[in-house]
Amino acid sequence: MLASPKPRVYHLYMAKILIKDGLLVDTEWARHQDLLIDGSKIVRIASDIDEAGLEEVTVINADGLCVLPGLIDAHTHYHLVSRGTVTADSFAEASRLAAFGGVTTVVDFADDDKVSLSSSFEKRRGEMRPMGIDYALHMGVYAYREDIEKELEEVKAKGIGAIKIFTTYRNVGYLIEKREELKKVFASCKKLDLMVCVHCEDNDVIEDIDKKWKGTYLPKDHPDMRPAKAEAEAIRYVGSIAKELDMPVYIVHLSSKEGLEVVRKLRNDGVHLIVETTPHYLFLSREKLEGPDGPLYVMTPPLRTKEDNEALQEAVVNGEVQVVATDHCAFTRKQKLESNDVRTIYPGIPGTEEMLPLLHTFGLTQGHLSLSQIVNLLSTGPAKIFGLYPKKGSLAEGSDADIVLFDPDWSWTVEGEKLHSASGYSCYEGMTLTGRVVMTLLRGRIVMGDGIYLGLEGDGQYVKSRGQ
Ligand code: URP
Ligand code: ZN
Ligand code: ZN
């Protein structure tokens with residue numbers, strides 16, 4: 001019998017790359033220095049590194065550019081099979097759009113099949129092998145079982161650093177309903193030093209509204225069907241468990257002022273909450289849901305008001321938000337526009353590629369947000385929280401040479417069709433942004449330069465949490 005051919009993966013690493021004259025930006029410092037890469041690692045950061053003494057070195061002139069650590073999109077759903085369909089971006093396509101956005105690592109999700117976390121994890125990890133950039137995984141836990149702690153221990157040994165739970169979606173079987181069972185899952189995570197990430201929308205609040213609902217089910221109705229008070233209530237609920245167990249909890253995609261106010265109150269009471277928000281909750285509001293293109297902007301939680309945008313923007317600037325990630329869960333225009341009923345519109349939007357320019361534009365124009373703060377929100381922060389640091393999220397000798405060359409002066413207008421998501425659209429269509437990624441390196445290899453994708457299918461590596 002013929003052996004099946006092995007997939008061929010080429011590793012075209014240049015021996016040494018010297019990035020000269022850029023503004024290096026880490027979270028705690030920014031300075032004009034040179035950065036030397038040897039193989040897959042950063043080996044030297046110093047002023048005026050002389051290429052004359054180096055053999056086989058390729059010099060990249062970064063004059064006028066910022067040099068950032070590769071970004072981490074800590075919340076993605078690439079190639080998600082759900083609701084009888086699959087999201088638009090395959091792993092190979094998603095890697096491409098990520099490279100264009102300066103993202104060199106993503107944290108995606110392994111869904112719990114409710115039989116075995118270990119095999120659920122292995123399945124998702126296997127599916128992700130075509131990735132052209134690096135990836136880690138959060139482990140979904142959607143049902144309590146007696147030996148859940150043992151299951152968690154097994155996936156921790158495979159590099160899982162965090163679990164994800166939902167406080168909603170009872171209808172699709174994602175909700176652990178009993179508080180005492182949820183608390184046991186939290187307690188096991190505390191014991192095993194696993195982060196608990198929570199999608200916060202209270203299921204009862206949403207179901208009660210649904211039962212009494214007399215209105216239409218148009219996209220514009222979605223924010224009233226899943227209101228901010230559902231988010232606030234769910235944060236209160238998981239916050240109370242975190243307080244009883246004296247452990248941290250990570251709130252994914254915070255969307256509302258009301259939710260933020262509960263976060264503030266819980267923090268005042270000594271609860272350790274880590275907060276993630278997304279560009280869409282910072283920069284888009286519910287008006288987008290009106291009109292024929294409304295379905296394109298449907299996700300959960302839904303877009304809220306301008307007041308919510310402003311409250312979250314203020315929280316980002318104040319340091320009350322630790323991570324900005326995208327919740328990239330893209331469907332094509334065609335998929336999104338198949339229905340105008342929020343009960344059947346596929347929820348989720350693209351976003352990884354636009355993340356850095358959006359934050360940079362906000363930082364420049366109204367946010368008083370420095371590039372170091374942006375690096376913290378998009379790279380160092382998630383790397384530290386999810387145990388990927390200092391391999392990822394750092395411009396330091398010994399770290400992976402995941403590098404972004406960013407032109408901070410490049411002004412451009414978003415045209416979804418010219419971006420790289422297979423969704424074919426952007427929720428930020430027509431916005432003029434300042435700053436654009438001109439080159440992305442993954443472990444010392446150029447994966448995007450001058451608008452050309454050079455990533456290799458299958459060259460992305462699975463990254464274990466906490467160096468396991
Ligand atoms: O609508 C969204 N956000 N879809 C992705 C899954 C989730 O809830 O994060
Ligand atoms: Zn979610
Ligand atoms: Zn999500």
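F186 is in contact (heavy atoms within 4.5 Å) with I165, V196, V198, V238, I241, L245, M247 and V249, leaving aside its neighbours within four places in sequence. F186 and I163 are the residues with the most contacts inside the largest nonpolar core, which has 109 residues. A nonpolar core is here a set of buried Ala, Val, Leu, Ile, Met, Phe, Trp, Tyr and Cys residues joined through side-chain atoms within 4.5 Å. Buried means under 20% relative accessible area, exposed over 50%, and partly exposed in between, computed with a 1.4 Å probe on protein chains only. Helix α7, residues 228-245, gives the most to this core, with eight residues. A second, separate core of 19 residues includes I42, A62, A401 and L405. In soluble globular proteins, nonpolar side chains tend to be buried together.

This is a predicted model, in which local features need pLDDT of at least 70 and side-chain atom pairs count only at pLDDT 80 or more, whereas totals for chains, interfaces and linings use all residues. Residues are numbered from 1 along each chain as its sequence is written, chains are lettered from A and ligands numbered from 1 in the order in which they are written, and side-chain values use heavy atoms, with hydrogens and water left out.

Donors are N, O and S atoms within 2.8 Å of the metal (3.2 Å for Na, K and Ca); water is not among the atoms, so sites may look incomplete. The protein donors of the zinc ion (ligand 2) are H199, through ND1, and H253, through NE2, lying 2.1 Å from the ion. H199 belongs to strand β12 (residues 195-199) and H253 to the loop between β13 (249-251) and α8 (257-268), so the pair ties together parts that are 54 residues apart in sequence. Helices (H or I, at least four residues) and strands (E, at least two) are DSSP runs, numbered from the N terminus.

The zinc ion (ligand 2) and the zinc ion (ligand 3) are 3.6 Å apart.

The two sites have their own geometries. Four donors count as tetrahedral if all angles lie between 85 and 135 degrees; four count as square planar and six as octahedral if opposite donors are over 155 degrees apart and all others between 65 and 115; anything else is irregular. Around the zinc ion (ligand 2), the four donor atoms subtend angles of 55 to 144°, which makes the arrangement irregular.

| Residue | Relative accessible area | Class |
|---|---|---|
| H75 | 1% | H75: buried |
| H77 | 13% | H77: buried |
| H199 | 2% | H199: buried |
| H253 | 2% | H253: buried |

**Surroundings of ligand 1**

The residues around ligand 1 (one heavy atom within 4 Å) are H75, H77, F166, Y169, H199, H253, M299, T300, D327, C329, P347 and G348. An oxygen atom of ligand 1 is 3.2 Å from a polar side-chain atom of H199. For H77, an N or O atom of the side chain is 3.4 Å from an oxygen atom of ligand 1. A polar backbone atom of P347 lies 3.5 Å from a nitrogen atom of the ligand.

**Three further positions**

R226 lies in the loop between α6 (222-225) and α7 and is buried, with a relative accessible area of 12%. A polar contact of 3.0 Å joins the side chains of R226 and E201; such a contact is a pair of N or O atoms within 3.5 Å, and within protein one must be able to donate a hydrogen and the other to accept it, while residues adjacent in sequence count only if both atoms are side-chain atoms. Beyond its neighbours within four places in sequence, R226 is in contact with T168, Y169, E201, I206, T300, P302 and R304.

S394 is placed in the loop between α13 (371-385) and β16 (403-413) and counts as buried at 5% relative accessibility. Its side chain makes a polar contact of 3.5 Å with the side chain of S399.

K464 is found in the segment after β19 (452-453) and counts as partly exposed at 31% relative accessibility. Leaving aside neighbours within four places in sequence, K464 is in contact with A157, K158, G159, G387 and L388.
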